[in-house]
Amino acid sequence: MSRFTGTVLAVTSALALVAGSAAAAVAAPAPGVAAEAKVAPVDWKPCNPDPSQPDPKIYDCAVYQVPLDYDHPKGETTGIAMMRRRASDPAKRIGSLFLNPGGPGGSGYLWATTTRFGKDVQDRFDLVGFDPRGVARSNPLKCFTTDEEAAGVNDRMIGVPVTKAEIWQTIDATEDYSDACSRNAGPLIEHMSTINVVRDLDRMRRAVGDSKLNFAGFSYGTLIGATYAGMYPDKVRALIVDGNVDPNLRMHDGVEYDRQRAVGFEVALTEFLKRCQTAGAPRCAFGEGDTRAKFDALRDHLRTSPITLPDGSQVTLSSFTSQVASSLYAQRLQAPLAVSLQAAYQVFNAPAAAAQGLAAAAPAAVDPAVVENAKVLAKTVPNALREALPETPYSADDSYYGVNCQDKPYPSNPWTLANLAKPWEKESPTFGRYQAFDGPTCASWPAPARDAERFTGPWNRRTATPVMVIGNLYDPATNYGFAQRMQRQLGNAVLVSVDVVEHCAVGRSAALNKLVTDYLVNQKAPAPGQLLKPDAEAFPPVA
């Protein structure tokens, strides 16, 4: 999930404003009622995923046309960019394994080249990556005509606005963003909801000649998987969902979903700081002293004032929060995060140390290496995926909000969401305000969820093979409770857990990958209740 990706009364009031959203919901088709309609086959052409390298001659690419509006299937079409890595052992080929990395707005095209899956999977399956409609190579949804026009709006949005002026500026910019989308995005903006991505996926399944779907979805991709299981349960062969959303909550209550995401980020941060403290310095550079107290001191200072580095760059609350959130997504980023936090803490404390006559402390804080490490926290990570190829004057895409705002019901008044920032901040001190300002754009979105065609359940249709649900205990973006609810909501599913601070797990644990391979190749569901470890530690012993 992008966006590194309140009180009960306040949330209840917000929900009252979106009552009636379910009227646009779409009931799942009854399985097995009619024979499958034939579709045109995919016209694959050989391609090289990395033209700077020798062609391995195992990849094909295509653009597959699907209906823009499934209510008018013979009308205008939109193209889905696809890439496949052909099965290494054609004689033992089982079928295609479709892959989605999440986002929403994540480009899955090059996921055909992923190494997350082992040799047995690569031998038996064509790995098929694709960019969903409106994403990257698939007719990207574009709200602006030039990068300069986009910057004039996006640069006014503050990731974690605190003052009244910052909040007004941010809300005003979100409304200008939505206005630009209304002018420039075209008819595609009305058809970005997940139900249409799933319809596209089912057409692609038929177009590659598979009678049933094999799919692995990560993060938001788990909603694609769950929706497919709900709409086409009899067409599922093997379905893996890793880094799970809570489908029912996400599709019925965008406000509460975002609040619980903030709580999940906070839980992951607490565990990161705890593990850093246990490892201690030098294994964890931030591990000397009380890591929680040090972190809170930095964050609380940034609420009122930036930390100005000797070169003039500034660590702000927005840049700090976005970097911390982004690093929690991947265990490999957490030791470097600790280095940057310690460097910022040294700079932050240098004046106090000098005032106390600790002459040795101040020079260390302005050491060039320390400053460079602290500068990492001065760079804001973009709060949404914008991965379109730079082939036009506007080199990004706006699919993140295109999907989120059609899927997740929000109130139509952005100030309802802005007013939740303070109570959410009390509950989740680092990420509550940060998460509260992910929703206001959807309040003024020209194609909101309350008017969209959406799949809102039921999620409990039974698939012949259990869905394999994977959840990390300390997943920041999609908290572990979401994975537990995903398993319960699906009609036939088993949950495998991994003890790690990270978003998604496939490819990070040899034990997990053995289960994944057995599931995909042999349709053998893993035993329930398993708790696995990752292959690597965030803070390994120092040699």
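**A tour of selected helices**

The buried residues of helix 14 are Ser399, Tyr400, Tyr401, Gly402, Val403, Asn404, Cys405, Gln406 and Asp407; buried means under 20% relative accessible area, with a 1.4 Å probe and protein chains only. The model is predicted: local features need pLDDT of at least 70, side-chain atom pairs count only at pLDDT 80 or more, and totals for chains, interfaces and linings use all residues. Residues are numbered from 1 along each chain as its sequence is written, and side-chain values use heavy atoms, with hydrogens and water left out.

Stay on helix 14, residues 399-407. Helices (H or I, at least four residues) and strands (E, at least two) are DSSP runs, numbered from the N terminus. Nine of the nine residues of helix 14 are buried, so this helix is largely enclosed by the rest of the structure. Its buried residues pack against helix 4 (164-184), helix 5, helix 6 (221-231), helix 7 (247-252), helix 18 (440-443) and strand 11 (454-455).

Next, select helix 5, residues 194-207. Its 14 residues reach 20 Å from first C-alpha to last, close to the 20 Å expected at 1.5 Å a residue; the expected span is 1.5 Å times one less than the number of residues. Here 12 of the 14 residues are buried, so helix 5 is largely enclosed by the rest of the structure. Among them are Ile195, Arg199, Asp200 and Met204. Just after helix 5, Gly209 has a positive phi of about 90 degrees.

Move to helix 8 (residues 254-279) and helix 9 (residues 291-302), whose axes come within 9 Å and cross at roughly 130 degrees. That makes helix 8 oblique to helix 9. Axes are lines fitted to C-alpha atoms, for helices over the stretch in contact, and angles run from 0 to 180 degrees between N-to-C directions. Angles under 35 degrees count as roughly parallel, over 145 as roughly antiparallel, 65 to 115 as roughly perpendicular and the rest as oblique. On the helix 8 side, show Glu266, Leu269, Thr270, Leu273, Cys276 and Gln277, which meet Thr291, Arg292 and Phe295 in helix 9.

Which residues does Gly432 contact, leaving aside neighbours within four places in sequence? They are Ala262, Trp424 and Glu425, where contact means heavy atoms within 4.5 Å. Gly432 is in helix 17 (residues 432-436) and counts as buried at 0% relative accessibility. Its C-alpha is separated by 9.0 Å from that of Asp258, 174 residues apart along the chain.

Finish at Ser322 in helix 10 (residues 317-328). Ser322 counts as buried at 3% relative accessibility. A polar atom of its side chain lies 3.0 Å from the backbone nitrogen of Val381.

Conventions:
Buried means under 20% relative accessible area, exposed over 50%, partly exposed in between (1.4 Å probe, protein chains only). A polar contact is a pair of N or O atoms within 3.5 Å; within protein, one must be able to donate a hydrogen and the other to accept it, and residues adjacent in sequence count only if both atoms are side-chain atoms.
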